[in-house]
Structures are given as C-alpha cells and as structure tokens.
Amino acid sequence: MVSAPPENLVAHPHVGGAEQIAIDSAAKTYLRRGASPVEALRPTELVVKPGEFVSLVGPSGCGKTTLLKLIAGLDHATGGSVVVGERKVTKPDPQVSVVFQKAALLKWYTVEQNVLLPARIAGTLTKQTRQRAAELLEFIGLADFKDRYPSELSGGMQQRVSIARALAGEPKVLLMDEPFSALDEFTREVLHDELLRLWTGHPKTVIFVTHNISEAVYLSDRVAVMAPRPGRIETVVDIDLPRPRTSALRTDPQFFEMVSAIRSHFSKAGALGGESA
Amino acid sequence: MTMTAEPTSTTKVPRRRKAQPDALPTANRGSAVAKNVGLRLIVPAVVLLAWWYTTSRDMVSPLIVPAPGDVWDALDSYVLGGVWNEDILSSARGTLWSFAIGLVLGIVGGSIMAFVASIKTAVYPYILAFQAFPKIAVAPLFVVWLGYGDAPKIIIGASLAVFPVISATMAGLIDVDPDEHNLMRSVGASKRQELRHLRFPRAMSYVFPALDIAVVGALLGVITAEIVGTEYGLGRVITERAAYGDSAAVYAVLIVLAVAGAILHLAVSTLHRVMPRSIVPK
Ligand SMILES: Nc1ncnc2c1ncn2[C@@H]1O[C@H](COP(=O)(O)OP(=O)(O)OP(=O)(O)O)[C@@H](O)[C@H]1O
Ligand SMILES: [Mg+2]
C-alpha cells in the first residue's frame, strides 16, 4: 500500500497535456531577522506522474503551502530542485495553474473577465480561449452568471469560477491549496465530483492540498502524508479505489479503510491534534 | 449535465450589469427616496424656523443675524440679479482648476511615493508639514508673489485638494491581497499588468471616496485665497460686504457656498457612478 520511492523517473515527462513533477531534495528554510530560522520543508523527494492526482495532507504548519509554492515557482527552494516537465522551476509559469484557498477573484471584473484574465495577461485571448471559457462556465453551471460580479456569487460559485479560471488556459499542471476548506460539506462534495470530471475530461497533473483526509482519499491516486516541525512527507499512500469515483464510494467500507489507514499514520506520528477527516 | 449545490445556478437569471447589493427592491425604492428627502429637510426646516423666530423677536442684532427675508433679498438682487456673476464664475473656475490639478498631482505623486520608497521618505514628511500650515496664513505670501489673479487661489486650492488624493492613492496602491498578488505572479503578469489589473483598480476604489474631501478642499482653498486678496471671487465679496456691515449679503454668500458644495458632491458621486466598474470598483 505504501508506495516505494519512485523507481520510474519517467522517460516521457509529459502525457496528453499533463506533465510530470519531479521534486528532488527540494527544501525550504525561512530565515527570519532576529529569530532562529524555520525549517518549513525538509529535503523532500516526490515524483508525480503525468496526469496523476496527488494530495498533500497534514496538520497546520507541516509545509504543504510551502511545497506547493516551490512547485508553482512562487517561492525559491533553499535546497534541491523541482522539475515540471523538462523545465527546472525558477519562476512562475502559466502552464502551472494555482487555485488558492480564497477564490481571489478580482471584484472589479465580471465572472467572464476573471476567467479570461490569465489569457489576457498571456496575450492569448482568442476566439478559441473565449469558447473554452464559455464551455467551462457552462460545465460548472455558471454560464448565466458570466456577466455578474464576484460579490454577487456565493462562496461555492466563486470557488468554481476560480477553478474555471485556472483551467481556461489548458494548463499542464494544476496546484490547489485547500480550495474547498471554506465551503460547506454539501457544496464541497458537489465540487469534488465536478473537479474529478474536469480532470478526467482534460487530463492534467494535480497536486491538491487539504486538511481533510476523506477529501484526499476520495479525489486522489496517491496521498502524501505530511508532518510538521520540520515539515516533511512522512509517507505516500496509494489509493487503490476504482475510478470513476462517485458519491456511492463515500459510504463504501473500502473507502473507510483507506481513510482510517491514513489516520493511523497521523496518530503514529502523534500529529492528529483534533484534525477531523 | 452539471450537479450543483445551489439550485439558483441552474435557473435563468436576468442580467444585472449595474447591480447594487444594497439596493432596495424597486417596489420600495420610491417611498425610500421620499423618506430620505423628508429626513434631509428636517434640519433646514428647524434652523429656518429658529432663525426666523429669533430675528422676528429682535433677540439679536441684525448685524450678527440678519432676518431670513433680508438674506433672501440679498440673494435675489446679488445672485439672481447677476451682480456677483463675475465673482461666482471666478470662484468656480478656481475650484475646478484646483480640483483637477490636485487630482492629477495627487495620483501621480501618490503613485511615485507608493513605488519609490526613498522619494516617499524624502518628501512625504514635508507634504505633511505643509498640510499643517493654516492656509489663511500662507495665502498672503502667494498673493504677494503671484498677484491678484487666479494663480494664488488655484495654488492654495490645489494644495488642499491634493492631500487626500495622495494619501488615498498611496494606500490603495500599497494594499494588495497576498493571494491576488500570487495569482498575478502565477499567471506570469508583468509589473505593468499587475498595475493595470490589480493595483490601479484597487487604488481607484480608495481615490474616489477621497474626491469628496478633495473637492471641498479645493473650494475652501480658493475662498481662503480670495479673502486674502483677489480681483474677483466670493471670498472677496465676503470681505467687502462684511466691511460695509452688510451681514445679509455675507449670509447670502454662505448659502451660495453651501449649494456649491452640494453640487460638487453630486458631481463627484455622479462621476463615480458613470465610470466603468473595471476602472473604478464599486
Ligand atoms: N514567509 C514565512 N516566513 C517564515 N516562516 C514561514 C513563512 N511561511 C511559512 N512559514 C513557516 O513554515 C512552516 C510551514 O508553513 P506552511 O504555510 O507551508 O504550512 P501549511 O502546511 O500550509 O499549513 P496550513 O495548513 O496552516 O496552511 C510553518 O511553521 C510556518 O510558520
Ligand atoms: Mg497552507
């Protein structure tokens, strides 16, 4: 069940619009003026195959966001490297989309303008991208809201728009940092299924950060269990549940088994400080 | 084809481009407006009544508080009669120029100081210090240097109008949400694009509320400079009429200024409303 260290540093680092992410001893230590440095992430190894869906799960402060930022190029590693496809990450790349915990929609733009913003910035605003954005909005059930402003949408709708924005440019990698943690249970489960359908239709490599163990199990091919002080990946668990996954799975004993297996990793590490799955 | 948690998202919704979240349902809006107008009229009605009462009983000297009727006569002959046309025009022109200059200088200066910390360190304390000078004390210097024309009043007016715009621009440009900033970085936005799509609209949402203060500042600065000395202007009228003991005329000027303030406020909020939301967030 626990996957061996990646023997397959794959020869073809991209497959059908998705790219491999190879994290090679990447580490991050924050230096703080007048205080001892924080080892936010110990040297970390992880290879995420093209088109794979991997979750990072762990308690607060275990370096999930830190690792995500290294992959996104939003922060520099203080050791090791991250390679996306064949490109060593040194700065952000539009091929790598990020969805944040807050929807981070610009309130002065309409839903449609927000979704098209990355294309506008990249200078790739064509009929095709507009078409793709319209399809995405249709898919997430927000076609009728394209001329609305973010303040007129519910939290769940806003987060849908921010996912559409991340996917509109057909990125090769999608990084999500607790995208659903601010949503209620019902909306969250609906968005899980939408996300999985979007991912199936347009394969891309996904790294999904969450506090929520069952969310990670439901969505992922593999779950990386992280632990804090210093931040690190404790172990990586394969989720051998069949796809496509549907809500019937949520009550499946096999599903519960996986969830409690991951839970036990946390209790072993003594890290499960009241975190609920 | 899509499962959605909010049933509303699958139903047709009418477009509301200019939707205002706090707008009342249309059925109530008419009576709400009437109610607001009614509320606004209470204070002037009470003041007018008290005013009329005190003057009609000769409780105070007409030199201090002239009768409402006398003030109305002054308004009638000086304003409607056109005697002050030249003065009103001159003050209005001065105010508009002061406001325009203050707005442009404020946005440019505020942007420079927001982005170049060393310039801010070098200059901002002195802008604050100048702000602390009573303008009535500075105005004579400008009049001595620049004469009795429009220049001194525009300078004083602009110096009052510029400050709120500078501080709002600086605050708006500096205030950036870390997630939004990371979003712009992650899509590979250049500094210029980040300015255009993120910082500028946010700054505008700070600047527009400050324009209310700026435009009143422009008016006050102009009147102050005119009181000190000018050829034409309502400030000049105040000093002249006061010297003749013509309190009714001074009151008439004050009423004209109050109306001007209301018009300027209306103009600024209308400007805010008609600007596209993508440039000035609401
Ligand atoms: N800019 C920074 N400066 C100093 N320390 C930092 C900085 N960013 C993060 N850290 C520290 O690094 C560690 C890991 O932080 P990180 O944000 O990656 O945690 P996380 O797993 O995402 O937590 P959460 O679940 O609360 O989001 C924490 O101890 C945090 O205090
Ligand atoms: Mg985090």
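This is a predicted model: local features need pLDDT of at least 70, side-chain atom pairs count only at pLDDT 80 or more; totals for chains, interfaces and linings use all residues.
**The interface**

Start where chain A meets chain B. On chain A, 44 residues are in contact with chain B, and 36 residues of chain B take part in return. About 3500 Å² is buried between the two chains. Carbon and sulfur atoms give 55% of that area. Three residues stand out on the chain A side: Trp108(A), Ile121(A) and Asp144(A). Together they supply 21% of the area that chain A buries against chain B, more than any other three residues.

How many salt bridges does the rule find across the interface of chain A and chain B? The rule finds one. Lys102(A) pairs with Asp177(B), and their closest N and O atoms are 2.4 Å apart.

Which elements of chain A build the side that touches chain B? Strand S8 (96-99) supplies at least two residues, and so does each of the helices H2 (111-122), H3 (127-139), H4 (155-168) and H5 (185-201). H5(A) gives the most, with five residues. By class, this side of chain A has 21 nonpolar, 17 charged and six polar residues.

**The ligand site**

Now turn to ligand 1. The residues around it belong to chain A and include Tyr30(A), Ala40(A), Ser60(A) and Cys62(A). Gly61(A), Gly63(A), Lys64(A) and Thr66(A) are also among them. Helix H1 (residues 64-72) of chain A gives the largest share of this shell, three residues. Sorted by class, the shell holds six polar, three nonpolar and two charged residues.

| Residue | Distance to an oxygen atom of ligand 1 |
|---|---|
| Thr65(A) | 2.7 Å |
| Glu178(A) | 3.4 Å |
| His211(A) | 2.7 Å |

How much of ligand 1 does the protein cover? On its own, ligand 1 has 630 Å² of accessible area, and the protein covers 63% of it.

**Backbone details**

Most residues other than glycine have a negative phi, and most peptide bonds are trans.

Pro230(A) sits in the loop between strand S11 (222-227) and strand S12 (232-238) of chain A. The other runs from Arg243(A) to Pro244(A), with omega near 0 degrees. Pro244(A) sits in the loop between S12 and helix H7 (253-269) of chain A.

Glu170(A) lies in the loop between H4 and strand S9 (173-177) of chain A.

**A link within chain A**

Glu170(A) also forms a salt bridge. Its partner is Arg132(A), and the closest N and O atoms are 3.1 Å apart. This pair links distant parts of the chain. Arg132(A) is in helix H3 of chain A, while Glu170(A) is in the loop between H4 and S9, 38 residues apart. Over all chains, the structure holds 23 salt bridges.

Conventions
Residues are numbered from 1 along each chain as its sequence is written. Chains are lettered from A and ligands numbered from 1 in the order in which they are written. Side-chain values use heavy atoms; hydrogens and water are left out. Contact means heavy atoms within 4.5 Å. Buried area is the accessible area (1.4 Å probe) that two parts lose on being put together, summed over both. A salt bridge is a side-chain nitrogen of Lys or Arg within 4 Å of a carboxyl oxygen of Asp or Glu. Helices (H or I, at least four residues) and strands (E, at least two) are DSSP runs, numbered from the N terminus. Ala, Val, Leu, Ile, Met, Phe, Trp, Tyr, Cys and Pro count as nonpolar, Asp, Glu, Lys and Arg as charged, and the others, Gly among them, as polar. A residue is near a molecule or strand if one of its heavy atoms lies within 4 Å of it. A polar contact is a pair of N or O atoms within 3.5 Å; within protein, one must be able to donate a hydrogen and the other to accept it, and residues adjacent in sequence count only if both atoms are side-chain atoms. Accessible areas come from the Shrake-Rupley method with a 1.4 Å probe; for residues, only the protein chains shown count as cover.
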